[in-house]
Amino acid sequence: MELSEAVRRRRMVRNYSSEPVEAAVVDRVLAAGHRAPSAGNSAGWAFLLLDNPDDVARYWRATAGDRVEAPDRWLRGLMTAPVLVVTLSCKDAYLERYAEPDKGWSDRDEARWPVPYWHTDTAMAAMLMLLTAVDEGLGACFFGLPGPAVDRFRAAFDVPTAYTPVGVVSLGHRTDDAGPAGSARRGRPPVADVTHRGRW
Ligand SMILES: Cc1cc2nc3c(=O)[nH]c(=O)nc-3n(C[C@H](O)[C@H](O)[C@H](O)COP(=O)(O)O)c2cc1C
(Lines give C-alpha, C1' and ligand atoms only; values in the text may rest on other atoms or scores of the structure.)
Protein backbone atom coordinates (compact mmCIF):
# COMPACT_ATOMS: atom_id res chain seq x y z
CA MET A 1 0.00 0.00 0.00
CA GLU A 2 1.24 3.50 -0.80
CA LEU A 3 2.01 5.63 2.23
CA SER A 4 -0.42 8.28 0.99
CA GLU A 5 -3.20 5.70 0.98
CA ALA A 6 -2.34 4.47 4.48
CA VAL A 7 -2.38 8.06 5.73
CA ARG A 8 -5.69 8.75 4.01
CA ARG A 9 -7.35 5.53 5.21
CA ARG A 10 -6.15 5.68 8.81
CA ARG A 11 -8.80 6.40 11.36
CA MET A 12 -9.43 5.12 14.83
CA VAL A 13 -11.29 1.81 14.82
CA ARG A 14 -13.08 0.98 18.08
CA ASN A 15 -14.78 -2.34 17.25
CA TYR A 16 -13.09 -5.57 16.19
CA SER A 17 -14.11 -9.00 14.95
CA SER A 18 -13.22 -12.19 16.83
CA GLU A 19 -10.59 -13.09 14.23
CA PRO A 20 -7.16 -13.28 15.89
CA VAL A 21 -4.21 -11.23 14.68
CA GLU A 22 -1.23 -13.26 13.44
CA ALA A 23 1.81 -13.02 15.70
CA ALA A 24 3.99 -12.12 12.70
CA VAL A 25 1.74 -9.14 11.96
CA VAL A 26 1.95 -7.95 15.56
CA ASP A 27 5.72 -8.25 15.33
CA ARG A 28 5.76 -6.06 12.22
CA VAL A 29 3.63 -3.45 13.98
CA LEU A 30 6.03 -3.42 16.93
CA ALA A 31 9.05 -3.24 14.62
CA ALA A 32 7.51 -0.24 12.87
CA GLY A 33 7.08 1.51 16.22
CA HIS A 34 10.70 0.83 16.96
CA ARG A 35 11.64 2.67 13.73
CA ALA A 36 10.36 5.94 15.20
CA PRO A 37 12.67 8.93 15.41
CA SER A 38 13.75 10.12 18.85
CA ALA A 39 15.60 13.09 20.28
CA GLY A 40 19.31 12.31 20.42
CA ASN A 41 18.35 8.77 19.39
CA SER A 42 17.43 8.26 23.03
CA ALA A 43 14.75 5.74 22.04
CA GLY A 44 13.30 6.01 25.52
CA TRP A 45 10.15 4.11 24.82
CA ALA A 46 8.86 0.67 25.74
CA PHE A 47 5.94 -1.36 24.49
CA LEU A 48 3.92 -3.68 26.72
CA LEU A 49 2.33 -6.26 24.44
CA LEU A 50 -0.91 -7.84 25.65
CA ASP A 51 -1.89 -10.43 23.06
CA ASN A 52 -3.78 -13.11 24.90
CA PRO A 53 -7.29 -12.93 26.35
CA ASP A 54 -6.15 -13.15 29.98
CA ASP A 55 -3.70 -10.27 29.69
CA VAL A 56 -6.14 -8.14 27.72
CA ALA A 57 -8.85 -8.82 30.32
CA ARG A 58 -6.41 -7.89 33.08
CA TYR A 59 -5.74 -4.58 31.36
CA TRP A 60 -9.44 -3.72 31.23
CA ARG A 61 -10.09 -4.88 34.77
CA ALA A 62 -7.16 -2.78 36.05
CA THR A 63 -8.08 0.38 34.14
CA ALA A 64 -11.88 0.23 33.94
CA GLY A 65 -12.65 -1.65 37.19
CA ASP A 66 -16.27 -2.66 37.64
CA ARG A 67 -17.23 -0.91 34.40
CA VAL A 68 -16.19 -4.09 32.61
CA GLU A 69 -19.34 -5.77 34.00
CA ALA A 70 -21.65 -3.25 32.33
CA PRO A 71 -19.53 -1.53 29.70
CA ASP A 72 -20.69 1.54 27.82
CA ARG A 73 -20.53 1.57 24.02
CA TRP A 74 -16.91 2.75 23.93
CA LEU A 75 -15.65 0.16 26.38
CA ARG A 76 -17.72 -2.64 24.83
CA GLY A 77 -16.14 -1.89 21.47
CA LEU A 78 -12.54 -1.52 22.62
CA MET A 79 -12.78 -4.64 24.76
CA THR A 80 -13.21 -6.66 21.55
CA ALA A 81 -9.61 -5.85 20.52
CA PRO A 82 -7.56 -9.06 20.66
CA VAL A 83 -4.27 -7.16 20.99
CA LEU A 84 -3.27 -4.14 23.04
CA VAL A 85 0.12 -2.44 22.90
CA VAL A 86 0.65 -0.08 25.80
CA THR A 87 3.24 2.49 24.77
CA LEU A 88 5.38 3.88 27.58
CA SER A 89 7.94 6.65 27.79
CA CYS A 90 11.07 6.85 29.93
CA LYS A 91 12.19 10.36 30.85
CA ASP A 92 15.39 9.08 32.46
CA ALA A 93 16.59 7.67 29.14
CA TYR A 94 16.60 11.24 27.77
CA LEU A 95 18.19 12.83 30.80
CA GLU A 96 20.92 10.17 30.67
CA ARG A 97 21.45 10.41 26.92
CA TYR A 98 21.73 14.21 27.00
CA ALA A 99 24.22 14.01 29.88
CA GLU A 100 26.63 12.29 27.46
CA PRO A 101 29.60 14.37 26.23
CA ASP A 102 28.22 15.14 22.74
CA LYS A 103 25.11 16.72 24.29
CA GLY A 104 26.66 18.02 27.50
CA TRP A 105 23.61 18.51 29.72
CA SER A 106 25.38 16.78 32.58
CA ASP A 107 23.17 18.47 35.20
CA ARG A 108 20.28 16.29 33.95
CA ASP A 109 18.03 19.30 34.56
CA GLU A 110 14.51 18.60 33.35
CA ALA A 111 13.95 22.36 32.93
CA ARG A 112 16.09 22.15 29.78
CA TRP A 113 13.20 20.35 28.14
CA PRO A 114 10.38 22.81 27.36
CA VAL A 115 8.70 19.93 25.55
CA PRO A 116 8.82 16.44 27.08
CA TYR A 117 10.30 14.68 24.06
CA TRP A 118 10.06 11.30 25.83
CA HIS A 119 6.32 11.55 25.33
CA THR A 120 6.45 12.93 21.78
CA ASP A 121 8.84 10.20 20.65
CA THR A 122 6.64 7.51 22.16
CA ALA A 123 3.66 9.08 20.37
CA MET A 124 5.61 8.95 17.10
CA ALA A 125 6.19 5.25 17.68
CA ALA A 126 2.46 4.82 18.24
CA MET A 127 1.74 6.69 15.00
CA LEU A 128 3.95 4.31 13.04
CA MET A 129 2.08 1.41 14.61
CA LEU A 130 -1.25 2.92 13.58
CA LEU A 131 -0.08 3.34 9.97
CA THR A 132 1.41 -0.14 9.87
CA ALA A 133 -1.88 -1.54 11.11
CA VAL A 134 -3.60 0.05 8.10
CA ASP A 135 -0.91 -1.33 5.79
CA GLU A 136 -1.52 -4.80 7.27
CA GLY A 137 -5.27 -4.53 6.70
CA LEU A 138 -6.03 -4.17 10.40
CA GLY A 139 -7.96 -1.64 12.41
CA ALA A 140 -6.34 0.19 15.29
CA CYS A 141 -7.08 2.86 17.86
CA PHE A 142 -4.86 5.01 20.07
CA PHE A 143 -6.44 5.83 23.40
CA GLY A 144 -5.33 7.10 26.77
CA LEU A 145 -5.38 5.62 30.25
CA PRO A 146 -7.55 7.49 32.74
CA GLY A 147 -5.29 9.20 35.31
CA PRO A 148 -6.61 7.34 38.35
CA ALA A 149 -6.05 4.01 36.55
CA VAL A 150 -2.31 4.49 36.00
CA ASP A 151 -1.23 3.13 39.38
CA ARG A 152 -3.56 0.16 39.09
CA PHE A 153 -2.19 -0.51 35.61
CA ARG A 154 1.40 -0.39 36.91
CA ALA A 155 0.59 -2.79 39.72
CA ALA A 156 -1.23 -5.24 37.45
CA PHE A 157 1.71 -5.52 35.05
CA ASP A 158 4.74 -4.79 37.29
CA VAL A 159 5.58 -1.66 35.31
CA PRO A 160 8.54 0.26 36.82
CA THR A 161 7.78 3.81 37.97
CA ALA A 162 10.43 5.14 35.56
CA TYR A 163 8.01 4.35 32.72
CA THR A 164 4.90 6.40 32.04
CA PRO A 165 2.09 4.94 29.95
CA VAL A 166 1.46 7.40 27.12
CA GLY A 167 -1.39 5.53 25.49
CA VAL A 168 -2.59 2.23 24.15
CA VAL A 169 -2.71 0.99 20.55
CA SER A 170 -5.50 -1.55 20.13
CA LEU A 171 -5.21 -3.87 17.14
CA GLY A 172 -7.62 -6.23 15.47
CA HIS A 173 -9.57 -7.01 12.36
CA ARG A 174 -12.11 -4.34 11.60
CA THR A 175 -15.81 -4.97 11.71
CA ASP A 176 -18.27 -3.08 9.60
CA ASP A 177 -18.51 -0.24 12.05
CA ALA A 178 -20.49 2.85 11.30
CA GLY A 179 -17.51 4.99 10.28
CA PRO A 180 -16.04 7.91 12.18
CA ALA A 181 -17.38 7.99 15.72
CA GLY A 182 -17.09 10.16 18.80
CA SER A 183 -14.73 13.11 18.47
CA ALA A 184 -13.86 12.19 14.87
CA ARG A 185 -17.34 13.38 13.82
CA ARG A 186 -16.22 16.93 14.58
CA GLY A 187 -14.02 16.80 11.50
CA ARG A 188 -10.81 18.77 11.16
CA PRO A 189 -10.22 22.46 10.53
CA PRO A 190 -9.01 23.04 6.95
CA VAL A 191 -5.25 22.80 6.37
CA ALA A 192 -5.23 26.47 5.39
CA ASP A 193 -6.62 27.45 8.81
CA VAL A 194 -3.84 25.74 10.74
CA THR A 195 -0.97 26.62 8.40
CA HIS A 196 0.85 29.92 8.83
CA ARG A 197 3.10 30.61 5.88
CA GLY A 198 6.18 32.66 6.55
CA ARG A 199 4.66 34.52 9.50
CA TRP A 200 1.82 33.86 11.97
C1 LIG B 1 -3.20 11.68 22.27
C2 LIG B 1 -4.50 11.05 21.82
C3 LIG B 1 -5.36 10.54 22.77
C4 LIG B 1 -6.55 9.96 22.37
N5 LIG B 1 -7.35 9.40 23.33
C6 LIG B 1 -8.46 8.75 22.94
C7 LIG B 1 -9.26 8.08 23.91
O8 LIG B 1 -8.94 8.07 25.11
N9 LIG B 1 -10.35 7.43 23.46
C10 LIG B 1 -10.68 7.38 22.14
O11 LIG B 1 -11.66 6.76 21.79
N12 LIG B 1 -9.95 8.01 21.19
C13 LIG B 1 -8.85 8.68 21.56
N14 LIG B 1 -8.07 9.30 20.62
C15 LIG B 1 -8.49 9.28 19.21
C16 LIG B 1 -9.07 10.61 18.77
O17 LIG B 1 -10.38 10.78 19.28
C18 LIG B 1 -9.07 10.63 17.22
O19 LIG B 1 -7.75 10.54 16.76
C20 LIG B 1 -9.71 11.91 16.66
O21 LIG B 1 -11.08 11.99 17.00
C22 LIG B 1 -9.60 11.96 15.13
O23 LIG B 1 -10.20 10.82 14.56
P24 LIG B 1 -9.38 9.80 13.63
O25 LIG B 1 -8.08 9.50 14.31
O26 LIG B 1 -10.27 8.59 13.53
O27 LIG B 1 -9.16 10.48 12.33
C28 LIG B 1 -6.89 9.89 21.00
C29 LIG B 1 -6.01 10.40 20.06
C30 LIG B 1 -4.81 10.96 20.46
C31 LIG B 1 -3.86 11.47 19.39
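User: How many helices and strands are there in the chain?

Analyst: Helices (H or I, at least four residues) and strands (E, at least two) are DSSP runs, numbered from the N terminus. The chain has eight helices and four strands. Along the sequence they follow the pattern α-α-β-α-α-β-α-α-β-α-β-α. This is a predicted model: local features need pLDDT of at least 70, side-chain atom pairs count only at pLDDT 80 or more, and totals for chains, interfaces and linings use all residues. Residues are numbered from 1 along each chain as its sequence is written.

User: What is the radius of gyration of the chain, and what does the globule rule give?

Analyst: The radius of gyration is taken over C-alpha atoms, and the globule rule is 2.2 Å times the number of residues to the power 0.38. The chain has a radius of gyration of 18 Å. The rule gives 16 Å for 200 residues, which is close, so the chain is as compact as a globular protein of that length. Its C-alpha trace spans about 50 × 45 × 30 Å along the principal axes.

User: Which order do the strands of the sheet have?

Analyst: Strands of a sheet pair through backbone hydrogen bonds, either parallel or antiparallel. Here, two strands pair if DSSP finds at least two bridges between them. The sheet is open and has four strands, in the order β1-β2-β4-β3, with antiparallel pairing. β1 (45-50) and β3 (139-143) are the edge strands, each pairing on one side only. On average, neighbouring strands of this sheet are turned by 20 degrees against each other, direction ignored.

User: Over how many bridges do β2 and β4 pair?

Analyst: β2 and β4 (residues 163-172) pair over eight bridges, in the antiparallel sense. L88 has P165 in β4 as its bridge partner. V85 stands opposite V169 in β4. β1 and β2 are also antiparallel, over six bridges. There, L50 has L84 in β2 as its bridge partner.

User: Which helix packs on the sheet?

Analyst: Contact comes first: two residues are in contact if their C-beta atoms, placed from the backbone, lie within 7 Å. Axes are lines fitted to C-alpha atoms, for helices over the stretch in contact, and angles run from 0 to 180 degrees between N-to-C directions. Helix α6 (residues 117-135) packs on the sheet and touches β1, β2, β3 and β4. The direction of α6 makes about 155 degrees with that of β2.

User: Is β2 buried on one face or on both faces?

Analyst: A residue is buried if 20 or more other C-beta atoms lie within 10 Å of its own, exposed if 12 or fewer, and partly exposed in between; C-beta atoms are placed from the backbone. Both faces of β2 are covered. V83, V85, T87 and S89 are buried on one side, and L84, V86, L88 and C90 on the other. Eight of the eight residues of β2 are buried, so the strand is largely enclosed by the rest of the structure. In the chain, 26% of the 200 residues count as buried.

User: Where is L84, and which residues is it in contact with?

Analyst: L84 is in strand β2 (residues 83-90). It counts as buried because it has 22 C-beta neighbours inside 10 Å. Leaving aside neighbours within four places in sequence, L84 is in contact with L50, V56, Y59, V168 and S170. L84 and G172 lie 88 residues apart in sequence, yet 9.0 Å apart in space, C-alpha to C-alpha.

User: Which residues is A126 in contact with?

Analyst: A126 is in helix α6. With 22 C-beta neighbours inside 10 Å, A126 counts as buried. Beyond its neighbours within four places in sequence, A126 is in contact with G33, T87, F142, G167 and V169. The C-alpha atoms of A126 and V29 are separated by 9.4 Å, at 97 residues apart along the chain.

User: What phi does N41 have, and what phi does D158 have?

Analyst: Most residues other than glycine have a negative phi. N41 is not a glycine, but has a positive phi of about 55 degrees. N41 is in the loop between α2 (23-34) and β1. It has 9 C-beta neighbours inside 10 Å, so it counts as exposed. D158, also not a glycine, has a positive phi of about 55 degrees. D158 is in the loop between α7 (150-157) and β4. With 7 C-beta neighbours inside 10 Å, D158 counts as exposed.
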